[in-house]
Amino acid sequence: MAIEIKAPTFPESVADGTVATWHKQPGDAVKRDELIVDIETDKVVLEVLATADGVLGDIVKGEGDTVLSDEVLGSIVEGGAAAAAPAAAPAQAAAPAAAAADAGEDDPVAAPAARKLAEENGIDLASVSGTGKGGRVTKEDVVAAVANKKSAPAPAAKPAAAAAAPVVTAAGDRTEKRVPMTRLRAKIAERLVEAQSNMAMLTTFNEVDMTEVMALRSKYKDLFEKTHNGVRLGFMSFFVKAATEALKRFPAVNASIDGNDIVYHGYADVGVAVSSDRGLVVPVLRNAESMSLAEIENGIATFGKKARDGKLAIEEMTGGTFTITNGGTFGSMMSTPIVNPPQAAILGMHNIIQRPMAINGQVVIRPMMYLALSYDHRLIDGKEAVTFLVTIKNLLEDPSRLLLDI
């Protein structure tokens with residue numbers, strides 16, 4: 001019995017996806033809940049798992065193909081891998097001549113293990129003489145072909161393989177490699193251009209003395225981690241708390257434009273930019289204004305792990321009313337972050353540098369960080385943006401204000 005493999009049901013914000021990687025090939029044995037294929041969307045990579053034990057049948061959508069929600073990707077022939085060979089045996093016994101003829105066609109009869117080994121080593125099965133029953137190509141036949149290939153001069157790359165692989169050109173020592181842009185990178189590029197084209201975007205800067213926050217963290221980090229079951233106290237939770245308090249005082253910074261309307265959000269869904277192998281992703285802390293420092297740190301740590309493992313769900317990266325990005329983790333001294341539409345503002349954190357500062361008429365060394373707030377000037381006035389950033393600065397330089405709500 002053949003069972004259809006279907007693409008996941010995409011949310012409304014995702015129109016379609018692209019088949020990124022098939023982890024199994026036709027004829028390979030699959031087990032229930034085993035990863036079969038990855039679907040890449042504009043936001044995340046979705047994993048499609050096997051719904052039954054059996055053998056992978058036909059692949060309807062190959063790598064690079066665009067797929068819609070719930071569209072058929074391929075099929076699974078229910079039953080163990082061993083079931084595939086007995087099913088083919090009666091047909092081969094009844095018509096050995098036909099099977100032998102098949103071995104000479106473009107898609108010769110081959111054992112699943114032989115087919116997989118041939119694909120991994122770039123062996124054309126049509127060029128392999130099968131020694132199995134009815135001319136079937138066995139794994140031993142492919143092993144011999146691989147050995148012959150290694151001892152022979154390197155052949156020219158097959159056109160099919162060249163089309164699938166990155167295009168490399170060379171002129172002496174000057175080489176170039178051309179690879180397709182991933183959907184995530186393409187979407188990032190699209191949204192960045194959209195933001196700069198459709199917004200009156202400005203950036204205001206300030207600097208914050210991190211002395212008090214660093215002292216508080218140093219004093220309580222061990223007790224914090226012990227009390228909150230291994231959750232580590234970082235700097236980001238202080239910035240999220242300070243930002244949510246400032247958003248309460250300046251609701252326009254937490255608003256968005258929808259046509260000719262301004263939408264004021266009575267909650268703070270804060271996106272925290274996280275780096276992954278696929279690019280920058282922005283999972284969202286829902287109702288961050290009501291979260292504790294421990295809840296914020298735990299949420300960020302969870303998002304970071306999911307981003308590294310490619311496990312972030314689309315729902316975790318949709319929405320958001322304000323974003324914080326930390327270029328300081330990579331050594332950035334100063335930058336102008338780009339607003340993520342339809343949000344109205346984004347806060348940029350940077351590297352903490354020990355610098356001489358004039359404090360009460362004395363020159364002292366303090367750990368300083370530059371802050372940057374990029375904002376949509378159509379919605380937020382310059383005075384409001386500057387005052388918002390100064391509020392964050394004041395809350396961080398005297399963290400007790402966060403507790404006293406002053």
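Of the 406 residues of the chain, 38% are buried, where buried means under 20% relative accessible area, exposed over 50% and partly exposed in between, with a 1.4 Å probe and protein chains only. The model is predicted, so that local features need pLDDT of at least 70 and side-chain atom pairs count only at pLDDT 80 or more, while totals for chains, interfaces and linings use all residues. Residues are numbered from 1 along each chain as its sequence is written, and side-chain values use heavy atoms, with hydrogens and water left out.

The chain contains 11 helices and 21 strands. Helices (H or I, at least four residues) and strands (E, at least two) are DSSP runs, numbered from the N terminus. A contact means heavy atoms within 4.5 Å. Among contacts between residues at least 6 apart in sequence, 62% join residues at least 24 apart. Accessible areas come from the Shrake-Rupley method with a 1.4 Å probe; for residues, only the protein chains shown count as cover.

Strands of a sheet pair through backbone hydrogen bonds, either parallel or antiparallel. Two strands are taken to pair if DSSP finds at least two bridges between them. Strand E4 (residues 35-40) pairs with E5 in the antiparallel sense over 5 bridges, and isoleucine 39 stands opposite leucine 46 in E5.

Antiparallel pairing over 5 bridges also joins E1 and strand E8 (residues 72-78). Here isoleucine 5 stands opposite glycine 74 in E8. In a regular strand the side chains alternate between the two faces of the sheet. Strand E1 (residues 2-6) has a covered face with Ile3 and Ile5, and an uncovered face with Ala2, Glu4 and Lys6.

Helix H8 (residues 236-249) has 14 residues and reaches 20 Å from its first C-alpha to its last, close to the 20 Å expected at 1.5 Å a residue. The expected span is 1.5 Å times one less than the number of residues. Of the 14 residues of H8, 11 are buried, so the helix is largely enclosed by the rest of the structure. Among these buried residues are Phe238, Phe239, Thr244 and Glu245.

Asparagine 229 is found in the loop between helix H7 (211-227) and H8. Asparagine 229 has a positive phi of about 55 degrees although it is not a glycine, and is exposed, with a relative accessible area of 74%. A positive phi of about 55 degrees is also given for asparagine 360, again not a glycine. Asparagine 360 lies in the loop between strand E20 (352-359) and strand E21 (362-376) and counts as exposed at 75% relative accessibility.

The loop between strand E18 (322-326) and strand E19 (345-349) holds proline 342. A cis peptide bond joins proline 341 and proline 342, with omega about 5 degrees. Methionine 333 lies in the loop between E18 and E19 and is partly exposed, at 36% relative accessibility. Phe205, Met333 and Met334 make a nonpolar surface patch of about 270 Å². Patches are made of residues with over 30% relative accessible area and no salt bridge, like charges being joined within 9 Å and nonpolar side chains (Val, Leu, Ile, Met, Phe, Trp, Tyr) within 5 Å. A salt bridge is a side-chain nitrogen of Lys or Arg within 4 Å of a carboxyl oxygen of Asp or Glu.
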